Amino acid sequence: MFEHVDIYPGDPILTLNETFIADPRAGKINLGIGVYLNEASKLPVMGAVLKAETALLANPGIRPYLPMEGAPSYRKQVQRLLFGADAPALAEQRVATAQTVGGSGALKVGADFLAAYFKQAEVWICDPTWDNHRAIFAGAGFTVHSYPYYSAAIQHVDFAAMQAALNAVPAGDIVVLHACCHNPTGADLSEAQWRELAKTISSRKLLPFFDIAYQGFGGGIDADAFAIRHFVAEGIPLLVASSFSKNFSLYGERCGSLSIVCDDAQEAANVLGQLKAAIRRNYSSPPTHGARIVATVLENPELAADWSGELDAMRGRIQAMREGLYAQLRALRPERDFEYLIKQSGMFSYTGLTVAQVRKLREESAIYLLESGRVCIAALTRETLAPVAAAIAKVLD
């Protein structure tokens, strides 16, 4: 019956992680998986999260199904983080927000909604981008194109090429944007570039779909939401897929959300209804536990302050690893330019290493990177900085 089913080649990131786990060598280092690790190379349990979860477990109560759109308290806190507590769009009830199964679930629900109501639209994703972007939108039935984003020559965003491409995109098409901490490159637009891009999106009548999975890991909670808030202030309708996996270290709880900014409250009510229908067709209703933790932390001023402080420390550690790797590589190979490491932000950097160099790192030094050359800066520690720098310096031509 199933002999015609193709072999699944596997996800490149998850497959690499499986290879790493099977590697018997001592001292192996995994810089491929996209998670934040602490100085002990472990997933952290954030103090504010632990306090909230302990309080919840002391009074567990019943566990009914959540509404299709998720917990009201969670959705409210999502909106405040993304758009600002005093955002006029929230006061005007113009934002439809649904709790989703992680950021991937938000993208999937958003893609299904758009496929139903924007049947003539096509989707544009940046080159490069997170692999699952293409899979999710293509899986929803969209024709997916790429627009230029990162230039290997300058090791940063080629904004002129990006603008030129988007100026040629047909009106009504959907443009997927990374709000901050670009995955996989770590190369972000400046505030001035975001302002220019907003003019392009508005004049071309394009529909932006922001993906923000790392809020707080770039410039801070508010700074990382600049692009989204600016577009809203400019009156541009948009979608936002967000996630608490990284900034709450709640990866397995799958805490995400989809928000759609509309022109008025009636539109938002209609849109939320259709999001509920899309959720019902996919997974019926979202899980409870992680959302209760997030809402408990963000509703409590003391816990929220603790969480914000911990997030600042995590961001600071990532920056310290960036600067440390930059300094060591510069000392080992002074003739090479490693400025990209300190210009980029967030968990990832594009090293410019070739596939052959990445494989050599893995084979000779048991250091794992994606074959694109993406390195997870957030997985480095003070102990691993020196061996990683030495191994990279060795494989460089």
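Colleague: Where is Pro128 found?
Modeller: Pro128 is in the loop between strand E3 (123-127) and helix H6 (131-139). Helices (H or I, at least four residues) and strands (E, at least two) are DSSP runs, numbered from the N terminus. This is a predicted model, where local features need pLDDT of at least 70, side-chain atom pairs count only at pLDDT 80 or more, and totals for chains, interfaces and linings use all residues. Residues are numbered from 1 along each chain as its sequence is written, and side-chain values use heavy atoms, with hydrogens and water left out.

Colleague: What joins Asp127 and Pro128?
Modeller: A cis peptide bond, with omega about 5°. Asn183 and Pro184 are also joined by a cis peptide bond, with omega about 25°. Pro184 sits in the loop between strand E7 (174-178) and helix H8 (191-204).

Colleague: New topic. What is the phi of Gln155?
Modeller: Positive, about 55°, although Gln155 is not a glycine. Gln155 lies in the loop between strand E5 (150-151) and strand E6 (156-157).

Colleague: Is Gln155 buried or exposed?
Modeller: Buried, at 17% relative accessible area. Buried means under 20%, exposed over 50%, partly exposed in between (1.4 Å probe, protein chains only).

Colleague: And what about Ser284?
Modeller: Phi of Ser284 is positive too, near 75°. Ser284 is in the loop between helix H10 (265-282) and helix H11 (289-299). At 24% relative accessibility, Ser284 counts as partly exposed.

Colleague: Now H3. Which residues of H3 are buried?
Modeller: Tyr74, Arg75, Gln77, Val78, Gln79, Leu81, Leu82 and Phe83. Gly84 follows H3, with a positive phi near 95°.
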